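The following paragraphs lead the reader through selected features of a protein model. Please consult the sequence and the structure alongside the text.

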Amino acid sequence: MAQPSWVILDAVARVAAELDADLSLELAAPPSITVLTVPPRVSPVHADPTSRARPWVVSADPASGLLLLCAQPAPLRPTPPPPPEFLNGMRVLNITDIERRPPAYFVCDVSSATAFRLPEPGHGDPRGFPSEIKPSNFGVVAAPGAGGGASRYMVVEFRYMFNDQHATLLCFSSDTREWTWKPVHNPMGRWIWGSDGVIAHDGKLWWVDLAGGLVSCDPFAEAPVLDIVPLPDADCHHTDSSCAHCAGRSLAYRRFVQVSAGKLRCVEWSFRRRGVQDAVRGFIYKAWAKAFRLNVHDGAPMTVSMWTLNDPETKEWALEYKVSFQAIWADESYKAAGLPEKNPTFALVHPMNPDVAYFFLEEHLFSVDMRSNRVVECGVHGLAVPPSGKPPNCFSVRALELPLALSAGSLPSDVGSGSSTEESSPPASFAPSVSLAILKIGSEEEA
């Protein structure tokens, strides 16, 4: 059986029980979920659905098979408290600094079956920013051109301060394996940036604020220049906030930007309130939407709209479709799938066909051809749901295109043979009947 050309990757990685396990990618055809499993030497912390202490894919360059993985450090061993001290009969409050250890970051290259641990950047930022990386502004992109591909890449963090015309790009190059700080002009002015992720597209990195727009640049340039592309106007405005920033963040909970068929797509889902929903909107709606990304408007069918950025130079978005779930519910394919007539949660867009969108609904993940209102696929997603009941959403999964070697059902013959410059490991294998790709782990230091 041939492997799929793309997969839906769980953003949260699993941690293997065996200490000597390999880092593996268990492939599954959509709508099933593909799982990345890392050994304890990469992530000593197992995934905990009740907290952020978990290994997770921060960002990716889906077209080249590059993943940027964040792994939390092992918890500190508890130390006994010091003996109490007294002064004039009063106990002295003993306050000690809590040691904070930054997480480790790995660049996983599915094409060459390797994983590289990034060194810590150190203290050299000319703007005085701390050395700790903010993962929501951290992205990876493969070098374009004949000499590029996934074998050469750049990892970049966008660093800025509110209302400061100067900013910094913290860059790690696979060529030099060193960090550099590139000063750039900050075009955002008084824009309060939302930090909703980073997209790799067309040899550039695009930092996303779902409330306002995209900031992009070519990180391989000697002197990168940041450019702003505003997002399309909201299809449906409903907020009780008098604060423009708060109103924008309310809109951000109903949007997502992704690359599909080689172009940037902006998806928005909206609801038309009616009856009692008008009376209870406001604080309750915003609190639930922010905390759980739940669709509390089951009485009003959700409407899904998509825009395409055909030419980043013009910065104009073209509306592709606007579809109400009322029409999807009425289609025979929806009834045949056995799904309830409830508003789902948006998951992602098919990376090669923008007309197909995926949605979460209870334990199901299903896709819809938005042009014909027809359900294409439906299955059980199997993602872990925390005790809070927060359902999976568009940040829980990533659309990942597979390199030709993996989609054809084999890895390159030299993978795992020791010919790589990374740390040596036992030979890797991949057979069409076994959906497992072994990745070797290497770094400047022991991983």
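Strands, labelled E, are DSSP runs of at least two residues, numbered from the N terminus. The model discussed here is predicted. Within it, Arg265 is found in strand E20, which covers residues 263-270. Arg265 is buried but has no salt bridge. A salt bridge would require a side-chain nitrogen of Lys or Arg within 4 Å of a carboxyl oxygen of Asp or Glu, and the nearest side chain of opposite charge, Glu320, is 4.1 Å away from Arg265. The side chain of Arg265 does reach the backbone oxygen of Ser260, at 3.0 Å. Beyond its neighbours within four places in sequence, Arg265 contacts several residues, including Phe256, Met306, Trp307, Trp317 and Pro354.

The largest nonpolar core has 24 residues, of which Trp269, Phe346, Phe359 and Met370 touch the most other members. Strands E20, E21 (303-311), E22 (316-324), E23 (345-349), E24 (356-361) and E25 (364-369), together with helix H4 (325-330), each supply at least two residues of this core. Another core, of 22 residues, lies apart from it and has Val15, Leu23, Leu27 and Ala71 among its members.

Aromatic pairs number 15 in the structure. In one of them, the ring centres of Phe158 and Trp207 are 5.5 Å apart and the planes stand at 50°, so the pair is tilted. Phe158 belongs to strand E12 and Trp207 to strand E16, so this pair ties together parts that are 49 residues apart in sequence. Both Phe158 and Trp207 are buried. For Phe346 and Phe359, the centres lie 5.9 Å apart with the planes at 75°, so the pair is edge-to-face. Both Phe346 and Phe359 are buried.

Technical notes:
Residues numbered from 1 in each chain as written. Predicted model: local features only at pLDDT ≥ 70, side-chain atom pairs only at ≥ 80, totals over all residues. Heavy atoms only, no water. Helix = DSSP H or I, 4+ residues; strand = E, 2+ residues; numbered from the N terminus. Buried < 20%, exposed > 50% of the residue type's maximum accessible area, 1.4 Å probe, protein only. Lys, Arg positive; Asp, Glu negative; His and termini not counted. Polar contact = N/O pair within 3.5 Å; in protein donor to acceptor, adjacent residues only side chain to side chain. Contact = heavy atoms within 4.5 Å. Core = buried A, V, L, I, M, F, W, Y, C linked by side-chain atoms within 4.5 Å. Phe/Tyr/Trp six-rings, centres within 6.5 Å; stacked < 30°, edge-to-face > 60°.
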